[in-house]
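Biologist: Could you take a close look at the aromatic rings of this model and describe what surrounds them?

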Amino acid sequence: MSATIKLENTQRRDALIDIEKKYQKIWQEEKAFEIDPPTFEEEPIENGAELRAKHPKYFATMAYPYMNGVLHAGHSFTLSKVEFATGFERMNGKRALFPLGFHCTGMPIKAAADKIKREIEQFGEDFSGVPAEDEEEPEVKVAAKKEDVTKFTAKKSKAVAKQGRGKYQFEIMLQLGISKEEVVKFADSDYWLHYFPPLVQKDVTEFGGRVDWRRSMVTTDANLYYDAFVRWQINRLRDCGKIKFGERYTIYSEKDGQACLDHDRQSGEGVNPQEYVGIKILVKEFAPQAQELLKAANFDFANKKVYMVAATLRPETMYGQTCCFVSPKIDYGVFEAKNGEYYITTQRAFKNMSYQNLTPKRGYYEPVLEINGKSLIGSKIEAPLAVHKELRVLPMETVLASKGTGVVTCVPSDSPDDFVTTRDLANKSEYYQIEKEWVQTEIVPIVKTDKYGDKCAEFLVNDMKIQSPKDSVQLAAAKELAYKEGFYNGTLIIGKYAGEKVETAKPKVKDDLVASGQAFVYNEPEGVVISRSGDECIVSLEDQWYIDYGEETWKAQALECLGNMQTFAKETRNGFEGVLDWLKNWAVTRNFGLGTRLPWDQKYLVESLSDSTVYMAYYTIAHYLHSDYYGKVPGKFNIKPEQMTDEVFDYIFTRRDDVTSDIPTEQLKQLRREFEYFYPLDVRVSGKDLIPNHLTFFIYSHVALFPKQYWPQGIRANGHLMLNNAKMSKSTGNFLTLEQIVKKFGADASRIALADAGDTVEDANFDEANANAAILRLTTFKEWCEEIISTKDSLRTGSLDNFFDQAFENEMNDLIEQTYAHYEATNYKAALKTGLFDFQTARDYYRDSVSANVGMHRDLVLRYIETQALMLAPIAPHFAEYLYRELLGHQESVQNVKFPRANKEISKATSDALAYVRDLARSIREAEANVLKKKKGGKPSDVDVTKPAKLTMYVSKSFPEWQDNYIEIVRELYEAHSLDDNKVIKQKVGKDMKRAMPFISLLKQRLATEDAATVFNRKLTFSETDTLKAVKANIQRATYSIKVEDIEIIEFDNGSSDGVNVITGEAVKIGITGKIVDSAIPGDPGIMINNI
């Protein structure tokens, strides 16, 4: 973790913040970010596509933030991506719209408000009665890895690291900087909706956000216009058959009495129901210890059917069962099931079953009696489909009470855990206090794969050298390999479906087991889910309204949309493809919380992920309906909420014309024009954790509700943001809100650090050191620009015929085009590098190169300042505005100026010549260091720095003939795709390996990164001698210590002893031999320094 920066002297930062405040006020006065389409008067075109073609637009959004707090650094990272894109597209001449609303739907606000209400009752309005910190209960741990390895999921829950001390809601509010006196007001959920949205607007505005705040709204029925919009969305999804009613498995909170969906969770976001097959393993004879316990509890086990219930993901492997495992450390229950049967499972598992129509009474999960796993060991059992008939219950110490039923059926042919445990039991029967003959060691082959044969568990255990059941990491890896290979590439070799692929046979075996009564379908959460009310959730089979995601026709449309969409990273596309493959129906309602009532069944609320999938369309018309967040103040049109009927929304969004409405036709047309101009959405920016839910729902809902021409064009998923190379956490203090970042570093320095944080789906890093360095960079540049502007009349004018003038102009053009390409690809870290860091480096080199003689050219320097302002504008708009308006004197805002482009064609010859001159200066300094080295025995160095020196450069016009020969060899092998065949190279090179191989290796390295034609055609693009003559004065100053008074440049043909003095034109003899002359090649002269 990098150290947190403590700013000692804030003068430079404060100067930047003064600029930021000034221009934020000006932008607000100028309504710079209020973006509208052309009016009918300006452009009487009704067709949206034609209007967009003539007047280009750009529409970008981020997931609207949830109003249970202010924005933190993670929000600002996502916000920055939309910001930079919007700023850049404005500079491409587009009407770039960035609206931002406030999400209030769901349980979090209501649950938090209720917590505060209870805490006031418990501890008083000043919370003085709160227990001391060391009296807290232990924190609930978030669990473990999913069983089904074939699903794509996000790795991080948004609720993680939000807790601080975390037990009490009022403490969380205090951490947000809210006073105790004000915290009590948050017991009213409506207060949250009025407290946080203005703070978010303030923080985003101070960040320099280009947000059109006219279009902002809160969700829920607190805004009746938005409420009507959600009702339209839900009604139309039902009308087109996407919303259905029926039983479905859902994550459920017993305490809340309702489904617990992603936004309702304190932890476990993204966790879904995991389907198992509950295998009913009949107990034929209980072990003596178990019999005693059953008798003591008056349980008539002799006349009752009792089953050990094992949860499995692999029903097709049940033919190979060799025992049933229990943990000696787990207390199990004997529970009454249906049809007079009894199940032995953990109470946690039976609780899930009791909500899935598998028990006599819903929600009743008390055991008839409790029994420890140890007492069950040795019981005789009979397992469905098993080839081996008389089996035993055996111990397995790694069985978890928190996963499955706590009962594990043993299939050593295909489960590495089972194979290793069976081997251990057979070898250490006395240690485990069992009879050796209870362990069935004969393995039944079930599934055959080309990779692992027909006993994949044994193969993997031996291959990975797994020694013990305690080798948990290796066993987890082996399990994943076995499961994937068996499922995707395995063939069943036993039973009714022998010869079929496992992928096909698995559901058939499951259906047969369930139909015969030997098994049942059972679900539980994939991991631990804790509701906002603190309840550990289960899976319940609920009669409910659900959205039928995964329906084949709809899924095909979603895949089509994804196929035409820009995702900016292949990982994002792969993530969506994975989710679309497994995502099925999703509960659309809840009973508790804030939100919109289900139109046709008012006792339900629309859940918070289902009402937030197409609200981007609402942004296009919001300002016509209301001019505040809550719909209490009319918008541009005096339309009432009740006038916004489903038919009116159809008119606006789907071009339905048969609408009866008392809204004037001209107003309806304007609403439709606004939508059809800004839609489709160009890009949706969000964290990658929303791919498994919100972002996929976003695709599904758009293809269901809107014509194809309005399907979304792009989704950009970014990674999470670390702070100073460590995970953000309130409890460790490594946490910053957006407001804190801007106060600490100012807006533009923060934005530069965010741009530099990273652009991929991998986690990025906001480094405070980068923000601090940006303050120094900007203010230093500001001072330089101010000095240049104040003295500009003293700068050189006239023609740009100086080598460094031409090179600087060319380098500026090159960096401008590179920066444009990076912005276009949304690679902001790269854009920052070329458009700021490299651009300033180019300026520095130009200034240093001409300062000692001709000085800088006024036109170039002024163009540099203006171009720097414009290239920086998307990322650091306040500073750019200061340069453009205040220093350069332009009237127009930098927000509305076209992004700069090269003013002439980029010259490769000039670029190469400049690179040559830079490299030459380094080579001269290296030669200087060599001649100044002290010799052995105390002898003086070759050159005395106190005396004048001569610098001679030997410029070769041609390459050595031997190199030309090897160039042809490499070209031939490259074209034959055999350049990596060292045997062939050795045959062609022969005895010249010592000289040839380094040269060939260098060519191979260049071919890996450069165009082949460039590598093989070694002709320079520029005149080496003309360049040297043009920069002769600079070469003379290249040394550090030696004073060069004379320069000689000798051009010669490689291998010749005759040359020409380039400066005088005289023929000369080359009077030296050796490495200096021999190593000289075009573009890399030999350098000699000696005293005159």
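**Aromatic rings and their surroundings**

Modeller: The charged end of arginine 684 sits over the ring of phenylalanine 698, 5.9 Å from its centre (the criterion is NZ of Lys or CZ of Arg within 6 Å of the ring centre and within 35 degrees of the ring normal). Arginine 672 likewise lies over the face of tyrosine 651, at 3.7 Å from the ring centre. The model is predicted, so local features need pLDDT of at least 70 and side-chain atom pairs pLDDT 80 or more, while totals for chains, interfaces and linings use all residues. Residues are numbered from 1 along each chain as its sequence is written, and side-chain values use heavy atoms, with hydrogens and water left out.

Turning to ring pairs, the structure holds 72 of them (centres of Phe, Tyr or six-membered Trp rings within 6.5 Å; planes under 30 degrees apart are stacked, over 60 edge-to-face, the rest tilted). The pair of tyrosine 343 and phenylalanine 520 is stacked, because the ring centres are 5.4 Å apart and the planes stand at 15°. This pair links distant parts of the chain, 177 residues apart: tyrosine 343 belongs to strand β10 (residues 341–345) and phenylalanine 520 to strand β17 (residues 519–525) (DSSP runs numbered from the N terminus, helices being H or I of at least four residues and strands E of at least two). Tyrosine 343 has 5% relative accessibility and therefore counts as buried (under 20% relative accessible area; exposed is over 50%, partly exposed in between, with a 1.4 Å probe and protein chains only). Phenylalanine 520, at 8%, also counts as buried.

Phenylalanine 808 and tyrosine 864 form a tilted pair, with 6.0 Å from centre to centre and 45° between the planes. Here, too, distant parts of the chain are linked: phenylalanine 808 is in helix α26 (residues 803–824) and tyrosine 864 in helix α28 (residues 858–872), 56 residues apart. Both phenylalanine 808 and tyrosine 864 are buried.

Helix α28 also packs against helix α25 (residues 768–790), at an angle of about 145° and with the axes 11 Å apart (lines fitted to C-alpha atoms over the stretch in contact, angles running from 0 to 180 degrees between N-to-C directions). Tyr864 is among the α28 residues making this contact, together with Val861, Leu862, Ile865, Gln868 and Leu872, while α25 contributes Leu778, Phe781, Trp784, Cys785, Ile788 and Ile789 (heavy atoms within 4.5 Å).
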